[in-house]
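Subject: Structure handover

Hello,

Here is the structure you asked for. My notes on what was found in it follow below.

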Amino acid sequence: MPQKVYVLNQAIIEQMKQSYTDKLQPAPQGAVFRAKTANAVITAYKSGKVMFQGSTPEMEAKNWINESTKESVKPTKPKKKTTTAFSPPDSLFTSSHIGSDEAGTGDYFGPITVAAVFVKKDQMELLKELGVRDSKNLSDTSIRKIAKDILHLDLPYSLMVLRNEKYNSLQKRGWSQGKMKAMLHHHAINNLRQNIESQQVDGILIDQFCDPEIYKKHIGSEQQTLADKTYFMTKAESYSIAVAAGSIIARASFLKEMDKLSEKTGFTLPKGASAKVDQTVARFIKAKGKDMLNKCAKTHFANTKKAQKYI
């Protein structure tokens, strides 16, 4: 995700907080405030550091970085990029490539969804115009809308959905969530590669959730091998429009599955794995029983045990 970080004096930070009154969000520990605008998420810390993160952080930052604040501003130095054999070349982001990302992995209720998308070089600008970017910066409503727009395009993709019964079965057989995700990515990518075998693919980029060697070990345990020109990168959706598209399709699918589960069970199932989820689990078990819970939740999560105090 593009970001800008500056050090500002407390007077300016207080002015910023007042200016963003109607855009304030819950602030993390150690922060004075957090606000979200169309350009960026702004987080100001007690240390004086102010971070602008989002699609165009520089557009938001320039509202506060001017001649009157110039002396108090110290842009932080970017971290050196660590490269490995699995790091994508910069040219990949502007080339025709496959991007793969997942959703639902940290949510107690609902499945894991993985989407792999093939984006041609000449489709990238159109996707940007549709609003395709890091799904973490988009509301659920926006994700649903953009996903529909994406699916109306001639954009090859493959979607995998690992529903809860199967997830829980694999977990009891000794599969880690990491292995499940690796196999889902692997199958989504392979399915997509078969569908576009006649087209030139300059590379495959997976949003990195584990060390690439561990990923290879996971798929190797199921007699599968890594395709040539497969790369891994953390926060890849901030750099690759293909991964961003995959992230949006995966998230939209997860939301759709959650809607189905809520309708089927008569419960509004919350996302995430918070204390609110614990309370919902307790009510759910009382009303529907543990067998139904197995069809709706990742039951090995700590929420199952924590819910017992509410029963």
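Cys296 counts as buried, because its relative accessibility is 1% (buried means under 20% relative accessible area, with a 1.4 Å probe and protein chains only). Cys210 is also classed as buried, at 18%. A search of the whole structure finds 0 disulfides (a disulfide is a pair of cysteine sulfur atoms within 2.5 Å).

This is a predicted model, in which local features need pLDDT of at least 70 and side-chain atom pairs count only at pLDDT 80 or more, while totals for chains, interfaces and linings use all residues. Residues are numbered from 1 along each chain as its sequence is written, and side-chain values use heavy atoms, with hydrogens and water left out.

The structure holds 1 cavity of 30 Å³ or more. On a 1 Å grid over the protein atoms alone, a cavity is a set of points where a 1.4 Å probe fits but cannot get out, and lining residues have an atom within 4 Å of a point. Grid points are joined across faces, edges and corners, and a volume is the space filled by probe spheres set on the points.

The largest cavity has about 50 Å³ of space. Its lining consists of His186, Ile189, Asn190, Ile206, Tyr215, Leu226, Ala227 and Thr230. By class, 5 of these are nonpolar, 3 are polar and none is charged (Ala, Val, Leu, Ile, Met, Phe, Trp, Tyr, Cys and Pro count as nonpolar, Asp, Glu, Lys and Arg as charged, the others, Gly among them, as polar).

Regards

Definitions and conventions:
On a 1 Å grid over the protein atoms alone, a cavity is a set of points where a 1.4 Å probe fits but cannot get out, and a pocket is an open set with protein on both sides within 12 Å along at least five of seven lines; lining residues have an atom within 4 Å of a point. Buried means under 20% relative accessible area, exposed over 50%, partly exposed in between (1.4 Å probe, protein chains only).
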